[in-house]
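Please keep the sequence and the structure at hand while reading.

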Amino acid sequence: MNFRHTNLLAPGAAAVTVVLWASAFVSIRSAGDAYSPGALALGRLSAGALALGVICLVRREGLPPRAAWRGIGISGVLWFGFYMVVLNWGEQQVDAGTAALVVNIGPILIAVLGARLLGDPMPPRLLAGMAVSFAGAVAVGLSMSGGGGSSVLGVVLCLLAAVGYAGGVVAQKPALAQASALQVTTFGCLVGAVGCLPFAGQLVSEAADAPVSATLNMVYLGVFPTALAFTTWAYALARTTAGRMGATTYAVPALVVLMSWLALGEVPGLLTLGGGVLCLAGVAVSRSRPQKAVAVRAAASESSPEPQPEGASESA
């Protein structure tokens with residue numbers, strides 16, 4: 001019972017993450033009109049760090065173990081700080097479709113780095129699912145691309161964002177073996193916010209002139225797609241491989257299409273819909289397991305008198 005409950009929590013946490021990360025694209029569109037890339041990143045990270053800090057105090061989490069700080073520091077610099085600033089900047093230089101296309105090489109880099117640095121397996125189903133999802137991301141990106149050309153600078157910035165994203169995820173994985181998901185997320189967010197402090201002057205001056213809606217979107221980005229979604233991501237990442245979690249994020253483009261349709265009235269074309277379906281299909285393939293392996297695991301859990309779910313979750 002407990003073992004099955006744990007098995008449901010991790011996919012549920014991953015689902016919360018991709019839904020909130022998809023919603024972030026809609027909010028960034030509004031906040032990005034009033035805030036520069038660095039100021040938006042600092043405001044988002046500050047709101048996220050504040051929300052996470054309050055939760056840590058209530059739960060009395062304390063400081064992470066010393067062994068976790070290397071991974072927390074690297075992920076905080078690369079993913080929470082560098083990635084957010086560079087992506088915000090890149091999306092001002094290229095259209096949304098091009099940005100989505102380039103950034104979506106991130107899951108592929110995560111799988112490669114995870115196999116090289118963490119010894120993660122790369123089963124055929126994961127590779128096949130990523131190939132299908134990437135084809136869907138290409139279709140969505142092409143359908144979203146505007147008529148204007150994309151600058152070389154913008155493409156390079158989005159590429160750097162993908163590299164920072166992949167490096168941060170791979171660095172975060174070992175830290176989760178030493179500290180809780182909440183600790184890793186909180187202090188990673190804090191490291192990213194400290195790294196963005198040079199943009200504090202811009203944030204203060206732009207906040208004075210920004211419309212309330214843009215500031216509210218920035219706060220939303222900090223509390224939900226950052227504080228909540230990065231925590232649920234870390235929880236799920238602690239219980240699976242980096243490559244499999246990276247492949248899960250290919251559901252984001254499909255959800256962005258759906259949310260833009262519902263919230264902004266942007267009716268997707270056939271190519272966009274087809275690409276979204278491919279993204280979801282690829283995620284399903286990459287997350288699936290061979291039937292034989294599923295049967296063996298189910299038989300083992302039923303025959304074991306003490307599945308020990310609590311100890312397993314603590315060591316993850």
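Ring pairs link Trp21, Trp79, Phe80, Tyr83, Tyr165, Phe230 and Trp233 into a cluster, where rings of Phe, Tyr and Trp (its six-membered ring) are taken to pair if their centres lie within 6.5 Å, and where planes under 30 degrees apart count as stacked, over 60 as edge-to-face and the rest as tilted. The model is a predicted one, in which local features need pLDDT of at least 70 and side-chain atom pairs count only at pLDDT 80 or more, while totals for chains, interfaces and linings use all residues. Residues are numbered from 1 along each chain as its sequence is written, and side-chain values use heavy atoms, with hydrogens and water left out.

Across the whole structure, a search finds 11 aromatic pairs. In one of them the rings of Trp79 and Trp233 have centres 5.5 Å apart and planes at 75°, so this pair is edge-to-face. Because Trp79 lies in helix 3 (residues 69-90) and Trp233 in helix 10 (residues 212-237), the pair ties together parts that are 154 residues apart in sequence; helices here are DSSP runs of H or I with at least four residues, numbered from the N terminus. Trp79 and Trp233 are both buried, a word that stands for under 20% relative accessible area, whereas exposed stands for over 50% and partly exposed for values in between (1.4 Å probe, protein chains only). The rings of Phe80 and Phe230, with centres 4.6 Å apart and planes at 40°, form a tilted pair. Phe80 lies in helix 3 and Phe230 in helix 10, so this pair ties together parts that are 150 residues apart in sequence, and both of these phenylalanines are buried.

A charge is also found over a ring: Arg239 lies over the face of Tyr235, at 3.7 Å from the ring centre, the criterion being NZ of Lys or CZ of Arg within 6 Å of the ring centre and within 35 degrees of the ring normal.

Side chains of opposite charge can pair when their charged atoms come close. The structure holds 1 salt bridge, defined as a side-chain nitrogen of Lys or Arg within 4 Å of a carboxyl oxygen of Asp or Glu. Arg59 forms this bridge with Glu61, the closest N and O atoms being 3.3 Å apart, and Arg59 counts as exposed at 57% relative accessibility. Arg60 is found in the loop between helix 2 (37-59) and helix 3, and its relative accessibility of 76% makes it exposed. Most residues other than glycine have a negative phi, yet phi of Arg60 is near 55°, a positive value.

How many disulfides does a search of the whole structure find? The search finds 0, a disulfide being a pair of cysteine sulfur atoms within 2.5 Å. The sulfur of Cys196 is 9.5 Å from the closest cysteine sulfur, in Cys189, which is too far for a bond. Cys196 is buried, with a relative accessible area of 2%, and Cys56 is buried at 9%.

The elements that give two or more residues to the patch are helix 12 (251-264) and helix 13 (270-287), and helix 12 supplies the largest share, 3 residues. Leu262 has its place in helix 12 and is exposed, with a relative accessible area of 68%.
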